[in-house]
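Here is a short tour to read alongside the sequence and the 3D view. Please keep both open as you go.

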Amino acid sequence: VSTAPPDQSHDPADPRYLTAFLPDHWYVACRTGDLGSRPVRREILGQPLVLFRTPDGRPHAFLDRCAHRNVPLSGGRMVGDRLECPYHGWQYDPDGVCRHVPSLVGDPEGRARRVPAYATTEEQGYVWVFPSGDDPRGRRPFSITGPGAPGVTVVRRELVLGCSAFQALENFLDVPHTAFLHRGLFRGGRSRELEVVVRRTHLGVEAEYLGEPRPEGIAARILAPRGGELVHFDRFHLPAISEVEYRLGERTHLVTTSLLTPESTFVTRLHAVIAYQVPFPGWLVRPFLGPVAGRILDQDVKMLEQQRQAVERFGREQYVHTEVDVLGPHIWYLMRQAQRGHLDSSQTPLEKRLRIRA
Ligand code: FES
Ligand SMILES: [Fe+2]
């Protein structure tokens with residue numbers, strides 16, 4: 001886990017920046033193993049939150065501010081199933097209601113003596129939070145493809161990125177930079193013309209690349225030494241999830257899911273799940289694929305930092321797109337529409353075909 005630079009958070013509606021905070025969705029707050037008996041602090045969509053577990057093992061999330069004098073509750077401790085503030089020892093039950101005020105003779109409860117609590121769930125190896133404070137009304141967290149399936153090897157990574165969620169998503173789902181920035185590692189060599197089918201619904205957008213040969217870089221050679229034709233999908237899912245899927249023949253399958261949690265405008269926490277299946281034992285690939293994947297990610301992280309620094313230096317984001325920026329404009333469209341509350345299932349799905357060189 002690297003540390004991102006200090007962030008001066010901007011108003012998410014600020015038109016100078018392409019940031020959309022979409023609170024009516026589930027976000028990963030932390031990995032299951034990172035939440036033990038001590039409270040954990042996280043920031044989600046500009047809000048400081050404290051996560052904690054009650055003795056029954058269930059996770060909970062509050063706004064990280066004691067109702068009494070604003071002290072972060074994440075500095076406190078668990079007393080039974082209550083979270084205790086480190087300053088005067090007020091104790092809050094899992095609904096955020098104050099149940100104990102030391103030295104107070106009368107009733108500890110009172111309408112003002114409570115902290116906002118957020119819907120929380122734990123599944124697929126993560127603790128997820130619904131940061132609007134509303135009831136998720138039956139909505140479930142994103143379902144990650146791969147983990148748990150027979151023969152699938154899973155690698156998880158966590159990283160704090162110094163860029164916005166949109167900037168990261170556009171990078172993760174961008175083909176043209178791979179042959180350039182990651183030359184030799186993933187793509188590279190001769191390019192050829194491919195057909196791309198773009199399909200957009202009100203929940204996300206995908207690009208399917210047709211007629212793509214196996215890339216010539218090291219990572220692709222490790223995964224599929226015998227070559228062949230690729231099945232390749234890049235997908236964006238609201239609110240801030242990317243999924244890149246490669247299939248080569250019957251037996252090689254790789255799905256990389258990037259679950260992004262915007263902490264503030266230009267700080268984004270990434271939980272990546274790399275799930276793959278190869279025609280030989282998965283652990284054999286790990287020592288080779290790990291360093292190559294790490295190097296690719298490192299190049300992206302550095303480039304995204306430079307992009308963000310320039311955006312901050314110039315005080316605004318400005319983009320010129322061509323057709324090969326296949327998904328970026330759709331991602332921004334969907335995020336913006338969702339932020340305005342304009343997205344619903346009555347929207348007509350869009351499908352279009354284009355050609356790029358890759
Ligand atoms: S500030 Fe939390 S108990 Fe006083
Ligand atoms: Fe990249």
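## A guided look at the model

Cys30 is buried, its relative accessible area being 0%; buried stands for under 20% relative accessible area, exposed for over 50%, and partly exposed for what lies in between, with a 1.4 Å probe and protein chains only. Cys66 counts as buried as well, at 3% relative accessibility. Searching the whole structure turns up 0 disulfides, a disulfide being a pair of cysteine sulfur atoms within 2.5 Å.

A word on conventions: this is a predicted model, in which local features need pLDDT of at least 70 and side-chain atom pairs count only at pLDDT 80 or more, while totals for chains, interfaces and linings use all residues. Residues are numbered from 1 along each chain as its sequence is written, chains are lettered from A and ligands numbered from 1 in the order in which they are written, and side-chain values use heavy atoms, with hydrogens and water left out.

**The iron site.** Which protein donors does the iron ion (ligand 2) have? They are His177 (NE2), His182 (NE2), Asp300 (OD) and Asp300 (OD), at 2.1 to 2.2 Å from the ion. Donors here are N, O and S atoms within 2.8 Å of the metal (3.2 Å for Na, K and Ca); water is not among the atoms, so sites may look incomplete. In sequence, the donor residues follow the spacing H-x4-H-x117-D. Helices (H or I, at least four residues) and strands (E, at least two) are DSSP runs, numbered from the N terminus.

The angles among the 4 donor atoms run from 59 to 146°, and the site is irregular. Four donors count as tetrahedral if all angles lie between 85 and 135 degrees; four count as square planar and six as octahedral if opposite donors are over 155 degrees apart and all others between 65 and 115; anything else is irregular.

Here is the accessibility of some residues from this tour.

| Residue | Relative accessibility | Class |
|---|---|---|
| His182 | 2% | buried |
| Asp300 | 7% | buried |
| Pro176 | 33% | partly exposed |
| Leu230 | 6% | buried |

Pro176 is found in helix 2, and its C-alpha atom is 8.2 Å from that of Arg357, 181 residues away along the chain.

**The cores.** A nonpolar core is a set of buried Ala, Val, Leu, Ile, Met, Phe, Trp, Tyr and Cys residues joined through side-chain atoms within 4.5 Å. The largest has 71 residues, and Leu161, Phe236, Leu260, Val326, Ile331 and Met335 touch the most other members. Helix 4 gives the most to this core, with 7 residues. A second, separate core of 14 residues includes Val50, Phe52, Cys66 and Tyr92.

Beyond neighbours within four places in sequence, Leu260 has contacts (heavy atoms within 4.5 Å) that include Ala165, Ala168, Leu169 and Phe172.

The order 5-6-7-8 describes an open sheet of 4 strands with antiparallel pairing. Strand 5 (77–79) and strand 8 (98–100) are at the edges with a single partner strand each, so one side of each has no neighbour in the sheet. Strands pair if DSSP finds at least two bridges between them; 2 bridges join strand 7 (residues 91–92) to strand 8. Gln91 stands opposite His100 in strand 8.
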